[in-house]
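Here is a short briefing to read with the model open in your viewer.

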Amino acid sequence: MTALLILGAGGHAKVLAETALAQGCFSQIAFLDDQACQQTGDSTVLGWPVLGPLHRALEPAMLQSFSAALVGIGDAAKRLHWLDQLGAIGYERPGLIHPTAWVSASASLGPGSVVFAQATVQAQAHLGTGVILNTGCSIDHDVHLADGVHICPGARLAGEVDVGARSWIGIGACVIQQVRIGSDVIVGAGAAVVQDLADGVTAVGIPARSR
């Protein structure tokens with residue numbers, strides 16, 4: 001087992017930490033968060049220390065102490081920025097899979113991607129860098145999720161769906177088979193996506209319509 005550094009100390013970072021512990025690969029966890037520099041005294045999250053602001057991840061001494069690092073920041077652009085920075089200076093950026101999740105042996109996870117509790121990933125699905133598969137979502141066969149995609153709790157993607165970079169599929173949303181969703185798209189909670197969505201749109205409703 002080894003030590004894991006997590007950038008961010010909010011709700012997503014907490015779930016990331018508990019998933020890492022449940023996976024059983026890490027004996028020590030610490031957080032970095034920009035708000036830490038405004039605090040006085042010791043700061044902890046889930047009993048693990050917050051060591052300071054995010055930029056400390058770039059210090060050589062931090063890399064010596066933590067061979068692996070992940071980014072627990074919900075904002076996709078920031079998450080990808082920091083994952084790139086971490087990889088460039090030599091941190092491992094492991095994919096995490098909660099032990100209650102099911103991931104096909106033929107699926108692939110990019111650096112820093114996470115599969116949370118009770119999520120399902122089917123045959124030959126592909127996750128890019130920094131993808132979040134949140135609690136209880138399902139990704140069917142041959143789905144392609146580009147870098148920074150976030151699939152929220154309970155969302156369902158049918159086979160051969162393609163989702164562009166940094167897009168966000170809201171809680172409980174459904175996407176029918178072979179739909180193409182562009183980059184930087186927001187799909188609202190409970191929406192039913194039955195046709196392709198262009199880059200940058202927000203789509204809500206049943207069926208989902210762009211605003």
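Setting aside neighbours within four places in sequence, Ser104 is in contact with Val121, Gln122, Ala123 and Gln124. Ser104 sits in the loop between strand E7 (102-103) and strand E8 (108-109). Please keep in mind that this is a predicted model.

- Is Ser104 buried or exposed? Ser104 counts as buried because its relative accessible area is 9%, and the cut-off for buried is under 20%.
- The side chain of Ser104 also makes a polar contact, at 2.9 Å, with the side chain of Ser106.

**The loop with His141**

- His141 also belongs to a loop, the one between strand E13 (138-139) and strand E14 (144-145).
- With a relative accessibility of 32%, His141 counts as partly exposed, a class that lies between the 20% and 50% cut-offs.
- Once neighbours within four places in sequence are left aside, His141 is in contact with Gln122, Ala123, Gly159 and Glu160. Gln122 and Ala123 are also among the contacts of Ser104.
- The side chain of His141 makes a polar contact with the side chain of Asp142, at 2.8 Å.
- If you want a distance to check, the C-alpha atoms of His141 and Asp196 are separated by 18 Å, and these two residues are 55 apart along the chain.

**The six-stranded sheet**

- Six strands form an open sheet with parallel pairing, in the order E7-E10-E13-E16-E19-E22.
- Which strands stand at the edges? They are E7 and strand E22 (192-193); each has a single partner strand, so one side of each is left without a neighbour in the sheet.
- Inside this order, E13 and strand E16 (residues 156-157) run parallel and are joined by two bridges. Ile139 stands opposite Leu157 in E16.

**Strands E1 and E2**

- Strand E1 (residues 2-7) and E2 run parallel, with six bridges joining them.
- Strand E2 (residues 26-32) is mostly covered, with five of its seven residues buried.

**Nonpolar cores**

- As background, nonpolar side chains in soluble globular proteins tend to be buried together.
- How many residues are in the largest nonpolar core? There are 33, and those with the most contacts inside this core are Leu133, Leu145, Ile151, Leu157, Ile169 and Ile181.
- Ile151 touches Ile132, Leu133, Asn134, Cys137, Ile139, Leu145, Leu157 and Ile169, if residues up to four places away in sequence are not counted.
- Another core, of 18 residues, lies apart from the largest one; Leu4, Phe26, Phe31 and Phe116 are among its members.

**Cysteines**

- The structure holds zero disulfides.
- Cys137 is buried, with a relative accessible area of 1%, whereas Cys174 is partly exposed, at 37%.

Notes: Residues numbered from 1 in each chain as written. Predicted model: local features only at pLDDT ≥ 70, side-chain atom pairs only at ≥ 80, totals over all residues. Heavy atoms only, no water. Helix = DSSP H or I, 4+ residues; strand = E, 2+ residues; numbered from the N terminus. Buried < 20%, exposed > 50% of the residue type's maximum accessible area, 1.4 Å probe, protein only. Polar contact = N/O pair within 3.5 Å; in protein donor to acceptor, adjacent residues only side chain to side chain. Contact = heavy atoms within 4.5 Å. Pairing = 2+ DSSP bridges. Disulfide = S-S within 2.5 Å. Core = buried A, V, L, I, M, F, W, Y, C linked by side-chain atoms within 4.5 Å.
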